[in-house]
Every structure is written in structure tokens, then in C-alpha cells.
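Have the viewer open and follow along.

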Amino acid sequence: MAAVIGYNALYHFRYPLVSRIPAADRLQVLLDMLFVTIIVHFSGGSASWFWPVYLLVTVEAAFVLPREREVWAMGALGGMVYGSLLSAEYAGVFANVAMPFADGTTRDILFLVLIWLWVALLNTVVAVILTFLMSVIRRETRLLRESEERLEEFIDSASDLIYSAYPDGELFYANRSVQGLVGYSLEELAGQQLFELIPARNRTRFMEEFRRIAAGGESDLFETMFVTRDGREVSLEGHLTLSRKAGEPVAVWGSFRDVTERILAQKQLYHLAHYDILTNLPNRALLLDRMQHAKSRAKREKCRAALLFLDLDRFKVINDTLGHPVGDQLLVSVANRLRACCRESDTVARVGGDEFIIVLEGLKERGDAEKFAAKVMHRLIEPHKIEDHELFVTGSVGIALYPDDDTDLDNLLKKADIAMYAAKGVGNNMFRCYDSYMDENAHRRFVMENGMRRALENGDFLLYYQPKVNLVTGEITAMEALVRWDHAELGIIAPSDFIPLAEETGLIIPLGEWVLRQACAQNKWWQDQGHFRLRVAVNLSGYQLQQAEFLEVVRRALADTGLDPQYLELEITETVVMQNPDFTVRLLDQLCEMGIHISIDDFGTGYSSLSHLKRFSVNTLKMDKSFVKGVAENGPDAAIATAIISMGRSLNLSVIAEGVETEGQLEFLKKTECDEVQGFLFSKPIPPEEVLRFMKGRGAHDKGRAE
Ligand SMILES: Nc1nc2c(ncn2[C@@H]2O[C@@H]3COP(=O)(O)O[C@H]4[C@@H](O)[C@H](n5cnc6c(=O)[nH]c(N)nc65)O[C@@H]4COP(=O)(O)O[C@H]3[C@H]2O)c(=O)[nH]1
């Protein structure tokens with residue numbers, strides 16, 4: 001009895017321990033059967049009212065033992081044990097125990113057999129029914145458990161990120177994908193606040209969505225983020241859904257997907273579609289968007305927005321002479337400088353090879369845009385160090401203002417473009433604000449662009465000549481050839497109106513070659529006719545210099561016309577020379593070796609340094625007329641002119657002043673010992689037939705002035 005009670009107590013309180021004993025369940029049923037038999041015996045034996053407890057043991061066996069056979073065996077065993085008890089009592093092995101209200105001493109064999117049969121049969125029936133019922137229950141339970149396990153395994157091993165939190169945000173479940181992604185185990189996550197996994201900047205929005213769902217709101221697809229254990233941020237997309245029990249919210253389930261790669265790819269796609277790959281500046285598509293924004297702001301705040309159209313001067317020369325990789329690096333360097341000039345709210349976009357557009361927002365007046373343009377140009381002319389080259393680049397800028405010049409953005413762009421061409425027409429490194437008179441120029445430009453090629457074929461280009469005079473001897477030293485276009489509609493067109501256009505369209509190459517050959521031929525003719533033996537000076541564009549066969553073109557022009565190289569002078573502007581000094585040094589050396597005279601034109605407007613000048617094989621510095629203009633007033637121009645003349649002398653170069661129009665200027669130049677002069681004071685550029693008249697008629701008057 002004590003053993004039975006002890007075992008059951010142990011079984012109850014120390015189940016894990018007991019469950020490790022082999023066949024513990026069967027032992028328990030057997031012990032209970034023994035216990036029941038003892039109770040039945042001591043409560044009256046065959047007449048005991050307690051015999052139904054055998055049925056309870058059978059029920060217990062049905063619950064505890066998983067195999068049907070064992071339950072039946074236990075049922076049968078119960079019947080056998082009861083039969084043994086009755087037989088033992090009948091045989092007098094155990095003394096009969098009397099029942100309180102019944103005669104417990106019955107020894108009638110028939111009664112004993114009947115009561116045994118009754119108990120054994122009932123026990124067997126109960127065993128059979130219960131095993132059947134239990135097998136049904138067990139199968140249902142197993143199926144349910146298996147389905148739960150499958151579901152659990154499915155959720156746990158799902159590639160989606162599934163987690164669950166109480167409505168107050170406390171996490172209690174996270175599947176393996178979540179654990180793997182964030183780097184925390186389930187034990188670490190359970191009990192944590194879900195919101196702590198969300199980056200601070202996204203947290204408020206996530207909490208709002210979570211609370212909306214926890215309050216029974218409709219679930220929507222939305223994006224959020226998780227911060228992982230190592231501080232990485234991952235983008236997620238998915239739903240939150242509420243689960244309820246008896247109508248009460250019990251948990252909020254999150255089912256999300258890691259979309260970091262997709263978001264990254266989307267960002268990259270957006271970047272590709274909206275930014276220039278080389279410079280990382282916004283492209284035309286994004287520019288239009290920013291322009292729209294600037295327009296809206298200008299409307300709202302009653303201020304102005306400006307479009308600055310910037311085109312690099314002679315960029316093609318650099319690109320073609322030094323190669324595209326260097327050209328690309330130069331563009332990147334320019335882009336960085338432009339960006340550095342701008343405020344956060346401004347936009348710099350690259351819209352073509354060497355074309356940039358800057359959008360300035362929140363301007364008060366036109367002057368602000370002009371100041372900005374001046375600043376940009378100033379920043380741009382500082383040398384760019386690219387690989388081993390020191391490159392100089394300038395830009396022409398056109399400005400159009402919203403709403404002053406136009407309220408339509410497309411028109412505004414066109415007007416900034418027109419203003420840029422107007423700036424280019426004035427010369428390099430200039431800016432111009434749009435003005436309606438420029439429209440006429442734009443039309444003129446259009447007509448010219450179309451007619452230029454035909455003009456070359458039709459022989460509509462002419463050369464005028466302007467003499468250069470030696471200030472000491474008064475002799476004419478050279479005739480400068482200056483091209484003109486005799487246009488049927490527009491009349492005689494000056495080179496400043498079509499040379500930039502010819503450079504842009506590439507026509508400068510055949511046109512430049514024509515000028516060179518024509519000038520050489522004309523000079524040779526003058527010589528052959530015995531008129532005079534002078535140099536003929538030809539202006540060169542930077543685009544001609546970068547031609548691979550440029551030297552060959554010069555050689556051929558000399559050979560074909562038969563002109564001696566010493567009678568040819570080439571004028572190259574200082575800006576072109578300085579744009580790529582290393583390249584020019586080599587080229588000038590070769591031209592010099594051929595015996596050709598070299599002049600640096602427009603000297604003083606570029607950015608020559610003494611160190612560079614020393615390297616160049618040149619004969620003459622041609623002082624720009626802008627300095628000559630003011631020399632007589634003894635102001636800064638006089639100081640610059642004096643400095644150029646003494647610089648020329650110290651470098652052993654002759655100096656010529658161009659644009660001499662007055663006696664006062666001439667006096668000054670004589671005083672400062674300038675070597676040569678050229679200008680309207682002596683002669684305007686004139687056609688070849690007039691040159692002969694000029695030379696013949698040039699009497700003591702002019703000569704005397706020079707001397
Ligand atoms: N105000 C004033 N101007 C004077 C005076 N003396 C001469 N000029 C002008 O100054 C310009 C001098 O030529 P540049 O500096 O080489 O400047 C030239 C040169 O850079 C370019 N150019 C002319 N012909 C050619 C050519 O055949 N090829 C190339 N590449 N460029 C050329 O066009 C520019 C303008 O040429 P043009 O209109 O002929 O203008 C000429 C000439 O007419 C003066 O006393 N006062």
C-alpha cells in the first residue's frame with residue numbers, strides 16, 4: 001500500500017524523473033491494479049462495492065498506454081487478478097472481510113463465478129471501447145499535432161520574415177529568417193520591444209502603423225527597416241496583421257520580405273535615369289524637374305530663378321589632342337568646381353558633352369545671377385591638374401531669368417542657350433544675359449550655319465590684309481590675312497560672327513586650310529610680281545592645331561604655292577597656347593624648325609606664366625588691343641603695356657601692339673620702345689587689290705609717323 005502511494009506521489013511530483021524509468025506507465029497501471037485489488041479485498045471481497053474501480057484502472061490503462069494490445073491485456077489482467085482474488089477468498093487463502101451492510105462471507109461458487117464474469121466482461125468491454133475511442137482521439141490529436149508542427153516548421157523555415165508581438169509591441173516570436181537577418185536568437189528577441197529593431201528615423205511611422213493595426217485597422221503593404229546587430233540597415237516590405245482570440249486582440253503578426261537589394265537596384269536605376277554617369281551631376285531629365293521646382297518656388301515666394309547655360313570654350317581641342325580619358329577627367333574637375341560654387345538649393349546639371357546648366361533659386365535681381373556667373377568663370381579659369389597636364393579652360397555663359405525673360409521653361413532654356421551663343425560671339429570667357437535683340441542674332445546664326453559650307457564651295461570667303469609696321473624703321477614687316485565672308489543676304493560678315501560657328505561645326509578645318517593656302521599664294525604672287533617681299537600672317541584656330549596632320553597641311557601649302565617658310569607668320573592666340581602648354585611646346589618647336597615666324601596673338605588676355613613662355617619657340621608677342629586702347633591715359637593699361645614690352649625684351653621676343661588708332665597711343669608705344677604696331681591709324685584691313693595701292697601710295701607721311 002505504502003509502495004503504491006509512494007510511487008503515485010513520486011509519479012505526480014517528479015514526472016520527468018519517473019518517465020525515464022523503462023515501462024513506467026505499465027508499472028503504474030499494474031501497481032494501481034494491485035492497489036484496487038487490495039481495496040476490493042479489504043472492502044468486502046466478492047461482495048465489495050468497490051469492484052468498479054477495476055474499470056477505472058482499465059480507463060487509466062487506455063489513457064496511459066499507447067498500444068491497444070497492452071490496454072486489452074491490462075483489462076484481461078484486471079479480470080484475472082479479480083478472479084484470483086475471488087478464488088483465493090473461496091479457497092480461504094485470504095480471510096473474508098465483511099462488508100458493513102452486506103454479508104461478505106458468501107462462498108457460493110455460482111455467485112462468485114457470476115460476479116467474476118460480470119466484472120471480467122465489463123472490464124473487457126470497457127477496454128475494447130476505450131481503446132477504440134482512444135485510438136480515434138489519439139489519431140485526431142496526432143493529426144492536429146502534425147499539422148501544427150508542419151505549420152510551425154513552415155513559418156519557422158519560411159524565407160519571409162515573420163514575427164509576432166503583443167499589442168504593446170513586446171516581441172514573443174520571430175522565425176529563423178528574422179533571427180538570421182537581425183543576428184539575434186529567439187531567446188534574445190523574445191521580451192524585447194519590436195520598435196527597438198526599427199531605425200530611429202523610421203520608428204515613429206512604424207509605431208503609428210503598428211498601433212493602427214493593433215486597434216483593428218486595415219492592413220496595407222508598407223516599407224520599413226530593421227537595424228541588425230552589426231548596425232546594418234535592411235529595407236523591408238510587407239504587412240502587419242492582427243490576430244484575435246474571442247474577439248480580443250492578442251498579437252500583431254508581421255510578415256515582411258527583405259527588399260534591400262531591390263531598393264538598391266531601384267535607387268541605382270533612378271540614379272542612372274537622372275544623373276550623368278561621368279560627373280554624377282543631374283542630367284536633363286532631373287534638370288527639368290528641378291527647373292519646375294525653382295519655378296514653383298519663384299511663384300510662391302515672389303522671387304526669381306535663373307538658368308545659366310555654360311559651354312566650355314575649345315573643350316574639343318583638349319579632348320582631341322589629349323584623348324578622351326583626359327577630357328573626361330577635365331569635365332569631372334569642371335563639374336566639381338561648379339558644384340562647389342553653388343548653394344544646396346541650386347542645381348548644376350550636365351546636358352551635353354561640355355554643356356552645363358545651373359539653376360539658381362530664390363534670386364532677388366538679375367545682378368545676383370550675373371555675380372554668380374562672374375564667380376563661376378573666375379573659379380573655372382584656375383588651372384586644372386589632370387594627370388601630368390596643367391589644363392586651362394574657360395566657359396561662355398548665357399543667363400535667362402524667370403519670370404523676367406519667359407515663364408515657359410522650354411523657352412527659358414532656349415533663351416539661355418541664345419544668350420550663351422551671344423557670349424561666345426563676343427569672345428571666350430564671357431557671360432551675357434538674354435536680350436530680345438539676341439533672337440535676331442540667333443536667326444542670323446541659323447542662316448549662317450546653313451550657308452557656310454556652301455560659301456566655301458562657292459568661293460564666298462575673301463581675305464583682307466592689314467599691314468604691320470616696324471616702329472624704328474617705319475617699314476612694313478608683314479601683312480596679316482583676315483578672313484571675311486561675302487554673304488549674298490547679310491553682306492560682308494566679320495570673322496568674329498562666323499569663326500566660332502565654323503569651330504563648332506568643324507568647318508574651321510577646310511576654311512583654315514583655304515585661308516592658309518590663299519594667303520601663301522597671294523604673298524607668293526606679290527613677290528613674283530616684284531611688288532614686295534613681306535611676311536604674310538595667318539590666324540590659326542585651336543582646332544586646326546590639334547589636327548594630326550596640321551604640320552603636313554602647312555608644309556603642303558608652302559610647297560604647293562612655292563612660298564619660302566620665312567615669309568609665313570602664324571598667329572596663335574595666347575588662350576589656345578596656354579590651354580595645353582605641353583602639346584603646344586612640341587608643335588611650336590616643329591614650326592620654328594621649318595623657319596616659320598610665330599606670334600602669340602591677343603597677348604595679355606590669357607594666363608601665360610613666365611615659366612611657360614620661356615619654353616615656347618615664338619618670335620613675337622602681339623599685345624591685345626584692349627591694353628593699347630588706354631595706354632595714352634597713363635592708367636593701368638599703360639602699366640600693363642609697359643610690362644608686356646619689357647617682358648618681351650627680357651625674353652628676347654619682339655613685341656607688336658595691335659589696334660593702334662591714335663597718335664597718342666603711337667607716341668606712348670614709341671616711348672616704351674615697342675617694336676612694331678598695327679592698327680587703323682596705318683590701315684584698316686583691306687582687300688588685296690587695295691594692298692598694292694596702299695603700298696605704292698604709302699609715302700613719307702606714314703613712314704615718317706612710324707619713325
Ligand atoms: N578696333 C580696332 N580694331 C582693329 C584695329 N586694327 C585691327 N583691328 C581688328 O582687330 C582684329 C585683329 O585680329 P585678331 O586679333 O587676330 O582677331 C581676329 C582673329 O582672331 C579672327 N580671325 C580673322 N581671320 C581669321 C582667320 O583666317 N582664321 C582664324 N582662325 N581666325 C581669324 O577674327 C578676329 C577678328 O578679326 P577682324 O574682325 O578682322 O578684326 C581684326 C582687325 O580688323 C584698330 O585699330 N582698332
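Q: Which residues lie nearest the centre of the largest cavity?
A: Keep in mind that this is a predicted model. The largest cavity has a volume of about 90 Å³, and ten residues line it. Those nearest its centre are F392, V393, T394, T575 and Q579.

Q: How many charged residues are in the lining of the largest cavity?
A: Domain 3 (279-435) and domain 4 (451-706) each put at least three residues into this lining. Sorted by class, the lining has five nonpolar and four polar residues, and the charged count is one.

Q: Where does the second largest cavity lie?
A: This cavity has a volume of about 80 Å³, and its lining includes V317, I318, Q579 and F583. Residues in that lining come from both domains, so the cavity lies between domain 3 (279-435) and domain 4 (451-706).

Q: Which element gives the most to the lining of the second largest pocket?
A: This pocket holds about 350 Å³ of space and is lined by 19 residues, with Y421, A422, G425, N441 and D497 nearest its centre. At least two lining residues come from each of α15 (409-426), α16 (437-458) and α17 (495-505). With seven residues, the top contributor is α16.

Q: How many charged residues line the second largest pocket?
A: Its lining takes at least three residues from each of domain 3 (279-435) and domain 4 (451-706). Ten of the lining residues are nonpolar and three are polar, while the charged ones number six.

Q: How far is a polar side-chain atom of Q466 from a nitrogen atom of the ligand?
A: Q466 is among the closest of the 21 residues around the ligand, along with R484, D601, E661 and F680. On the oxygen side, a polar side-chain atom of K625 lies 3.0 Å from a ligand oxygen, and E480 has a side-chain N or O atom 3.3 Å from one. For Q466 and the ligand nitrogen, the distance is 2.9 Å.

Q: What percentage of the ligand's exposed area does the protein bury?
A: Start with the ligand taken alone, which exposes 790 Å². Of that area, the protein buries 82%.

Q: Which element gives the most to the shell around the ligand?
A: The shell has nine nonpolar, five polar and seven charged residues. The biggest contribution is four residues, and it comes from β14.

Notes. Residues numbered from 1 in each chain as written. Predicted model: local features only at pLDDT ≥ 70, side-chain atom pairs only at ≥ 80, totals over all residues. Heavy atoms only, no water. 1 Å grid on protein atoms, 1.4 Å probe; cavity = no way out; pocket = protein on both sides within 12 Å on 5 of 7 lines; lining within 4 Å. Points joined across faces, edges and corners; volume = space filled by probe spheres on them. Nonpolar A, V, L, I, M, F, W, Y, C, P; charged D, E, K, R; others polar. Domains from an automatic or database assignment. Near = heavy atom within 4 Å. Polar contact = N/O pair within 3.5 Å; in protein donor to acceptor, adjacent residues only side chain to side chain. Areas by Shrake-Rupley, 256 points an atom, 1.4 Å probe, with all protein chains shown as cover.
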